[in-house]
There are 2 protein chains.
Amino acid sequence: MEQYRKISYLGPEGTFTEEALIKYLSKAVTLKGGNHNQIAEITKIAYPTITEVIRSVDRGEADHGVIPIENSIEGSVNLTQDVLTFESEAKIIAEIAIPIKHHLIGLTKSSLKNIKKIISHPHATAQCRIYLSQHFPDAEIIAANSTAEAVKKLKDTSGDSAAIGTKIAAQIYGLEILVSDIEDNKENKTRFIVIGSHIAKRTGTDKTSIVCFLKKDKPGSLFNILKEFAEREINLTRLESRPAKKDLGDYVFMIDMEGHVHDREIYEALESLRNKVYLVKLLGSYPVWAG
Amino acid sequence: MEQYRKISYLGPEGTFTEEALIKYLSKAVTLKGGNHNQIAEITKIAYPTITEVIRSVDRGEADHGVIPIENSIEGSVNLTQDVLTFESEAKIIAEIAIPIKHHLIGLTKSSLKNIKKIISHPHATAQCRIYLSQHFPDAEIIAANSTAEAVKKLKDTSGDSAAIGTKIAAQIYGLEILVSDIEDNKENKTRFIVIGSHIAKRTGTDKTSIVCFLKKDKPGSLFNILKEFAEREINLTRLESRPAKKDLGDYVFMIDMEGHVHDREIYEALESLRNKVYLVKLLGSYPVWAG
């Protein structure tokens, strides 16, 4: 198992990234057969931006960092992909997928019938639109910079307000969950990654993420890349083309595949690929998240 | 040229989608050699969600609709892609790319030196982080549900507040732009699409967007798809794999290519593809946006 002393994450406290971090550590300790009290000894440091979390690992201020990479509704977090691709040597060492559950949070259990104002991040209110239109069609929707800020703000209001936020935020601020799971889409998930400064060990059920930089955007070039994987029966699980920054070619391809870079077929596919494209960058090999 | 009577768009008024809509109509009228007063006769209808804009076209409440599909920082708008793929027969008839410019807006020109509070949508404040940390490190950042709401809110404040918003919002509410172009990333663009109920005419510089539904996620299947395009020297400009909804196969691939579906090579490639995959859905052929 990895050694965790200081872990940075996208703050503030009480948002989904912290929830993912806690879930990950709990699982890592369980797998190791360790004591859950160990988690309390790890220093968690919230940073305000994804870029700063990644830099904290590159500079050694934190040994690991946790950031979102993909949400099933909002899509890929391009900033995470771009900073890892163009500005960092950090490697992905783990992934965490958590269901995005929104809860209606109030000052006291009895405040449900008096709600006239609902506070949350615009994404959260957008993701609970059906519930809100059915139960609070006339409520004023007030924006916050994060779901955690929304819950915190609630403390300064009277009994006519509620917030949409996480269970962990309700706990942090000592507030009540009035209604659980008010999100419209029950399948909504966010995938987070843990980054570190090394390649994670092979477990047998791993995924590998790479970026290919192409010299020219010529017909068939992606086809030639995929040929290397098809010939070796390597299963691709995600593929995305993105515009490259200038001087590095016209396009980059982000490719996720089943297997570890220490697997012979993958290693050979990447070797062969390096002769065809401008650059292949390994973003990491890491265990597939299994609930 | 298309006939425009009623155009729906992602509201509220004064956000980037309305800016894209105005830019598009202005260009369409110029191309036709028409009078710009014609634009004033078109009814613009703001809807609160992307889904409702698309449904307004499917139901004939609007003849066209304008929605965002991709932002260079935030990534693809999965909701737009998913509703067009799974729940609609609307076709993409045009694209519009606009630079995302953020402006600091105040009540009067003289308010710049007194600013203690800055109001905006969390995405906008995140995209102006460097400017804000250099010029207003101690300002309170107040969230709004949209940049337009932020500018509107400003009218209820005293001289100690500013909003981050669009030029068009400053005009709508009769406010002053204190500082232009405060965004950190000058390359930030959003791509919008215009949807309608028909396939746009071939212009000679077109793009075509399709979705391929795969029966099984087996190694090499994407490779077999791309073979059809590589063999015909069709240039792909964007490619993205996305999880499919159940019963329709494991994966869908969103593919953009150069050319029009009425071009012989593209028509033939799609015909051949239909024998290899579960379903090919045409999202539209439309002129490439040229500034």
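With 13 C-beta neighbours inside 10 Å, Asp181(B) counts as partly exposed; a residue is buried if 20 or more other C-beta atoms lie within 10 Å of its own, exposed if 12 or fewer, and partly exposed in between, with C-beta atoms placed from the backbone. This is a predicted model, in which local features need pLDDT of at least 70 and side-chain atom pairs count only at pLDDT 80 or more, while totals for chains, interfaces and linings use all residues. Residues are numbered from 1 along each chain as its sequence is written, and chains are lettered from A and ligands numbered from 1 in the order in which they are written.

**Residue Asp181**
- Asp181(B) is not a glycine, yet its phi is positive, at about 55°.
- Its place is the loop between β10 (176-179) and β11 (189-196) of chain B; strands (E, at least two residues) and helices (H or I, at least four) are DSSP runs, numbered from the N terminus.
- In chain A, Asp181(A) has a positive phi near 50° and lies in the loop between β10 (176-179) and β11 (189-196).
- Asp181(A) is partly exposed, with 13 other C-beta atoms within 10 Å.

**Cis peptide bonds**
- The bond from Gly11(A) to Pro12(A) is cis, with omega near 5°, and Pro12(A) sits in the loop between β1 (6-10) and α1 (16-31) of chain A.
- The bond from Gly11(B) to Pro12(B) is cis, with omega near 0°, and Pro12(B) lies in the loop between β1 (6-10) and α1 (16-31) of chain B.

**Domains of chain A**
- Chain A comprises domain 1 (6-100 + 188-196), domain 2 (103-179) and domain 3 (206-287), with bounds from an automatic or database domain assignment.
- The centres of domain 2 and domain 3 of chain A, taken over C-alpha atoms, are 44 Å apart.
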